[in-house]
Amino acid sequence: MSNNIISRLIGRFLGPVNPKHLNSQDSSQLFYTLVEKTKFKITFILGFRNLGGLKKNISYYLYHKFCIFICKRRGDSRINYVSKNKYADAFKLNGFFLKNPTPNVIDALDLLNGKISTEMCAPSNNTSSFKFVYNYYFKNEEFDTLRALITDEITEIVRSIYQCNFLVHNAYLERQFTTKDIPKRSSWLWHFDDIADCQIKIFYFVTDVDKDRGATRLHNLDNSKEMMKLGFLDRYKISNNVESILTDENKIYYAEGERGTVFMFDPKVMHKSVNPERSYRDIIVLEVFPSPYEELKYLPDNNVDTWKSPLNLLFSKHQ
Ligand SMILES: [Fe+2]
C-alpha cells in the first residue's frame with residue numbers, strides 16, 4: 001500500500017496528515033503519532049480537556065461525582081451552596097474570572113507582608129530552578145496564615161463551581177523578575193495543564209499585575225476547545241491553524257488587576273506565563289480540588305501526589 005493511501009486512510013480517522021511527514025517518519029514515529037492522536041481523539045470525545053491520561057481523567061471525574069454525592073447527602077448544599085453566583089457563572093462560561101480587591105483579602109495580604117519580603121522571597125528559600133522566578137511553598141503549619149485569604153465569598157464561589165466542598169492541594173508564593181531570556185519552554189509557551197479537569201487555580205495578586213507586569217495570558221474556554229478540536233497536542237508542535245488563533249490579539253485575555261485582585265482560572269484553558277517587563281510581580285497561588293470533607297484541608301504536593309490518583313486526596317492524613 002502506498003504512503004498516499006495510508007495517509008488518506010489515517011487522515012480520514014485522525015485528521016489531515018502531511019504525506020511529506022509520513023515519508024520522513026520511520027514506522028515507530030508514525031505509530032507513536034497515531035497512538036497520541038487516537039488518545040487525544042478519545043479524550044476529546046469523552047469531554048475531557050487535558051492529556052493527563054484517560055485513567056486519571058476518569059478517576060478524577062468519578063472522584064468529583066463522589067464528593068458531590070457526599071456533600072449533598074450531608075445537606076451541605078442546602079446550607080452553603082449558592083445556585084446562582086455571577087463569578088461561578090463567568091468561570092463556567094469563560095474558564096476564568098477576575099474579582100476586584102476586597103478589604104478582607106487586602107487585610108490578609110497585609111498580614112503576610114513582612115514574611116513575604118523577609119522569608120518567602122529570600123533566595124535561600126527559593127525552590128524554583130529558574131533564576132528569574134522565586135517559589136516558596138507554604139508549609140503545613142503555615143496554612144493558618146493563608147486561611148484568611150479564602151474568604152467566605154471565595155469559598156462560596158468555589159463551592160458553587162464544584163457543587164461540593166474543596167481542599168487546597170498546593171499553596172505557594174511566586175515572584176517573577178524581569179528577564180531578557182524568556183525560555184522557549186514550560187509555562188512560557190501556550191499550553192493546557194495536563195492535570196485533572198476538576199483542578200482550579202486561584203491567584204491572589206500581591207503586587208499590581210498588568211500587561212507589562214507579568215499578567216498571565218489566556219484564551220477563553222470556547223477558543224481553547226476550538227484549538228483542541230484543531231488538534232493542539234503539544235506546546236512544542238503547533239499547527240498554523242492553531243497558531244493563528246493563539247496569536248490573535250483580539251482573542252487573547254490579560255489577567256490584570258491591582259493588589260488584592262483574585263484571579264480564578266481553569267488551567268485547562270489555553271494560557272501562558274509572561275515575565276514582567278518592569279519591576280517584579282508577586283502572586284500567591286492556591287491549587288484546589290473538590291473534597292468530600294467538611295473541614296478545609298491542606299495537602300501539599302510533597303505529601304500528596306495528585307498526579308497519580310485522587311485516592312491520595314481522599315485518604316491522606318495531612319492537613
Ligand atoms: Fe500552566
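Biologist: How many of the six residues of β4 are buried?

Modeller: This is a predicted model, in which local features need pLDDT of at least 70 and side-chain atom pairs count only at pLDDT 80 or more, while totals for chains, interfaces and linings use all residues. Residues are numbered from 1 along each chain as its sequence is written. A residue is buried if 20 or more other C-beta atoms, placed from the backbone, lie within 10 Å of its own, exposed if 12 or fewer, and partly exposed in between. The strand β4 is largely enclosed by the rest of the structure, because the number of its six residues that are buried is five.

Biologist: Which strand pairs with β4 over six bridges?

Modeller: Helices (H or I, at least four residues) and strands (E, at least two) are DSSP runs, numbered from the N terminus. Two strands pair if DSSP finds at least two bridges between them. With β7 (residues 262–265), β4 pairs in the antiparallel sense over four bridges, and there Y204 stands opposite V262. I202 has L286 as its bridge partner, and the strand that pairs with β4 over six bridges, also in the antiparallel sense, is β9 (residues 280–291).

Biologist: Why does F203 count as buried?

Modeller: F203 has its place in β4, residues 200–205. Two residues are in contact if their C-beta atoms, placed from the backbone, lie within 7 Å. Leaving aside neighbours within four places in sequence, F203 is in contact with F263, I283 and V285. F203 counts as buried because its C-beta neighbours inside 10 Å number 21.

Biologist: How far apart in space are I157 and A88, C-alpha to C-alpha?

Modeller: I157 lies in helix α9, residues 152–162, and counts as buried, with 25 C-beta neighbours inside 10 Å. Beyond its neighbours within four places in sequence, I157 is in contact with N85, Y87 and A88. Although I157 and A88 are 69 residues apart in sequence, their separation in space, C-alpha to C-alpha, is 5.6 Å.

Biologist: How many residues has the largest nonpolar core?

Modeller: A nonpolar core is a set of buried Ala, Val, Leu, Ile, Met, Phe, Trp, Tyr and Cys residues joined through C-beta atoms within 7 Å. M264 is among the residues with the most contacts inside the largest core; leaving aside neighbours within four places in sequence, M264 is in contact with F91, F96, F97, I200 and I202. In soluble globular proteins, nonpolar side chains tend to be buried together. The number of residues in the largest nonpolar core is 62.

Biologist: What arc do the buried residues of α4 cover around the axis?

Modeller: Helix α4 (residues 54–74) has the buried residues K56, N57, Y60, Y63, H64, C67 and C71, whereas K55, L62, F69 and R73 are exposed on the other side. An α-helix has 3.6 residues a turn, so residues three or four places apart point the same way.

Biologist: Which residue stands opposite R217 in β8?

Modeller: Three strands form an open sheet with antiparallel pairing, in the order β6-β5-β8. In this sheet β5 (residues 217–218) pairs with β8 over two bridges. The residue of β8 that stands opposite R217 is K272.
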